[in-house]
Amino acid sequence: MRAENAQSVVDGNAAAGLLWDVFGTDVTTLVGVCGGCGSAAPLAEAVVELDEVAAIVRCRTCTHTLLTVLRQGDGVRLVLGMLGELVRE
Ligand SMILES: [Zn+2]
């Protein structure tokens, strides 16, 4: 990550595009259960730190990293963090 990259803190909707590239569908409506604090909330409501190449999706309750999405060339990589469950309600 270059120092001059501006990083913005947004909500999970801003990561929808990157997540779409991984899953091939919109997963922001799925409920993510944090493995750290047990909080359950739609991914759209998570805190996302976004820059040009990565989206770090954090639990809104305890700020643990649920997952990170990294853009690599034409591909994209999903790194799981404290995400315990993904639930469609
Ligand atoms: Zn949490």
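Guide: Start with two strands: strand 2 and strand 8 pair in the antiparallel sense over four bridges. This is a predicted model, in which local features need pLDDT of at least 70 and side-chain atom pairs count only at pLDDT 80 or more, while totals for chains, interfaces and linings use all residues. Residues are numbered from 1 along each chain as its sequence is written, and side-chain values use heavy atoms, with hydrogens and water left out.

Visitor: What makes strand 2 and strand 8 a pair?

Guide: Two strands pair if DSSP finds at least two bridges between them, and strand 2 and strand 8 have four bridges. Strands themselves are DSSP runs of E, at least two residues long, and helices are runs of H or I of at least four, numbered from the N terminus. Within this pairing, Gly-32 has Leu-86 in strand 8 as its bridge partner.

Visitor: Which strands form the open sheet, and in what order?

Guide: The order is 3-2-8, with antiparallel pairing. Strand 3 (40-42) and strand 8 (83-87) are called edge strands because each pairs on one side only.

Visitor: Why is the site of the zinc ion called tetrahedral?

Guide: Four donors count as tetrahedral if all angles lie between 85 and 135 degrees. The angles here are 105 to 114 degrees, so the site is tetrahedral. For comparison, the ideal angle for four tetrahedral donors is 109.5 degrees.

Visitor: How do you know which atoms are donors to the zinc ion?

Guide: Donors are N, O and S atoms within 2.8 Å of the metal (3.2 Å for Na, K and Ca); water is not among the atoms, so sites may look incomplete. The SG atoms of Cys-34, Cys-37, Cys-59 and Cys-62 coordinate the zinc ion at 2.3 Å. Their spacing in sequence is C-x2-C-x21-C-x2-C. Cys-34 lies in strand 2 (residues 31-34) and Cys-59 in the loop between strand 5 (54-58) and strand 6 (65-72), so the pair ties together parts 25 residues apart in sequence.

Visitor: Is Cys-34 buried or exposed?

Guide: Buried means under 20% relative accessible area, exposed over 50%, and partly exposed in between (1.4 Å probe, protein chains only). Cys-34 has 4%, so Cys-34 is buried. Ala-44, in the loop between strand 3 and strand 4 (47-50), also counts as buried, at 15%.

Visitor: Which residues does Ala-44 contact, leaving aside neighbours within four places in sequence?

Guide: Contact means heavy atoms within 4.5 Å. Ala-44 is in contact with Asp-11, Gly-12, Asn-13 and Thr-28.

Methods: Tetrahedral: all angles 85-135°; square planar, octahedral: opposite > 155°, others 65-115°.
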